[in-house]
Amino acid sequence: MLEISGVAKAFGGFQALVGVSLRVEPGEIAAIIGPNGAGKSTLFNVITGHLVPDAGRINFKGRDITGRPPHAICRLGLARSFQRTNIFPRLSVFENVQVATLSHEGRAQEMWSRARDLGRERTMAILEDVGLAGRAAEASGSLSYGDQKQLELGIALALEPEMLLLDEPTAGMSPQETRSSMALVARIARDRRLTLLFTEHDMGVVFSVAQRIRVLHQGRIIAEGAPDEVRRNDEVKRVYLGKH
Ligand code: ADP
Ligand code: MG
């Protein structure tokens, strides 16, 4: 689904990514972990076209997407969640997902004319999935922080992606919200056969949800494998897990 080879990115003289290579198979639930400043967000930004790498190649579904603009990459089926920025706080929960659904179908204009019920079934199905069906009529701005994150996930799902990138989707959540939110994400990914790549700071959640884990440290992948292999890796323990 996704193949990255030799990706490098520097900011001024600082090398944030140093020859990163990885493959994510279709349907895989994969995590990238690593200390703050390891380069996780930079890697995500390079994958989604928000940053152009200095070197290396990124292939999505066998197509070279290196340096393509974000909207083009999104249209190919690779979506990411943003932090709040794409929620319209004064629209209802329903309308936020409806707008995303209709705009994905190229029908956003119709929404403003008459039909309040356009795309109702698809929109409600998504809200069911993310646990917000009962709050469809509420103003999005009045949702709790955790529910706004669920709404963002719903907006991303409205784009019918094949692969979803989530960069610290649980930032700011309590440990309990984090666990239930990631369990929900993993269930949705399995139900929809989505490929998922995420970062997360709660190691309990990472080791229980991810099928494969990569450890990024100072812009390099220093370990990769199934949760048990990564947990046992001595270098990982030394540079990362040992600190927790
Ligand atoms: P992580 O997400 O793993 O915490 P980041 O990818 O955000 O790490 O950052 C990796 C390193 O690159 C950090 O040292 C950060 O300060 C630096 N960095 C990230 N973005 C920029 C930028 N736009 N300009 C300069 N330095 C940056
Ligand atoms: Mg980050």
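Q: Which helices each supply at least two residues of the lining of the largest cavity?
A: Before we start, keep in mind that this is a predicted model. The lining of its largest cavity includes K149, Q150, E152 and L153, along with S181 and V185. Two helices each give at least two residues to that lining, and they are α6 and α7 (175-191).

Q: From which element does the largest share of the lining of the largest cavity come?
A: Let's stay with this cavity, which holds about 80 Å³ of space. The largest share of its lining is four residues. The element that provides this share is α6.

Q: How many cavities of 30 Å³ or more does a search of the whole structure find?
A: Rolling a probe the size of a water molecule over the atoms shows where empty space is left. In this structure, the largest cavity has about 80 Å³ of space. The number of cavities of 30 Å³ or more found in the whole structure is one.

Q: How do the residues lining the largest cavity divide by class?
A: Some of the names in the lining are L153, L166, P169, M173 and V185, while others include S81 and K149. Sorted by class, the lining has two charged residues, three polar ones and, as for nonpolar residues, five.

Q: Which residues are the closest to the centre of the largest pocket?
A: Now for the largest pocket, where about 340 Å³ of space lies. Its lining is made of 16 residues. Those closest to the centre are P70, H71, C74, R75 and L159.

Q: Which element gives the largest share of the lining of the largest pocket?
A: The elements that give two or more residues to this lining are α2 (70-75), β6 (78-80), α3 (93-104) and α6 (145-158). The largest share among the elements is four residues. That share comes from α2.

Q: Which element provides the largest share of the shell around ligand 1?
A: The residues that surround ligand 1 include F11, F14, P35, K40, S41 and T42. Both β2 (14-24) and α1 (40-47) supply at least two residues of this shell. The largest share, three residues, comes from α1.

Q: Which strands are the edge strands of the open sheet?
A: Four strands form this open sheet, in the order β2-β1-β4-β5, with antiparallel pairing. Each edge strand pairs on one side only. The edge strands are β2 and β5 (63-64).

Q: Which residue in β2 does L2 stand opposite?
A: Strand β1 (residues 2-11) is joined to β4 (residues 55-60) by five bridges, and there L2 stands opposite F60. Seven bridges join β1 to β2, and these two strands run antiparallel. In β2, the residue opposite L2 is V24.

Q: Which residue takes a positive phi in the hairpin of β1 and β2?
A: This hairpin has two residues between its strands. The phi in question is near 60°. The residue that takes it is G12.

Q: Which residue takes a positive phi near 50° in the hairpin of β9 and β10?
A: Strands β9 (residues 212-217) and β10 (residues 220-225) pair in the antiparallel sense over five bridges, and I213 stands opposite G225. Two residues lie between the strands of the hairpin. The one with the positive phi near 50° is Q218.

Note on methods: Residues are numbered from 1 along each chain as its sequence is written. Chains are lettered from A and ligands numbered from 1 in the order in which they are written. This is a predicted model: local features need pLDDT of at least 70, side-chain atom pairs count only at pLDDT 80 or more; totals for chains, interfaces and linings use all residues. Side-chain values use heavy atoms; hydrogens and water are left out. A residue is near a molecule or strand if one of its heavy atoms lies within 4 Å of it. Two strands pair if DSSP finds at least two bridges between them. On a 1 Å grid over the protein atoms alone, a cavity is a set of points where a 1.4 Å probe fits but cannot get out, and a pocket is an open set with protein on both sides within 12 Å along at least five of seven lines; lining residues have an atom within 4 Å of a point. Grid points are joined across faces, edges and corners, and a volume is the space filled by probe spheres set on the points. Ala, Val, Leu, Ile, Met, Phe, Trp, Tyr, Cys and Pro count as nonpolar, Asp, Glu, Lys and Arg as charged, and the others, Gly among them, as polar.
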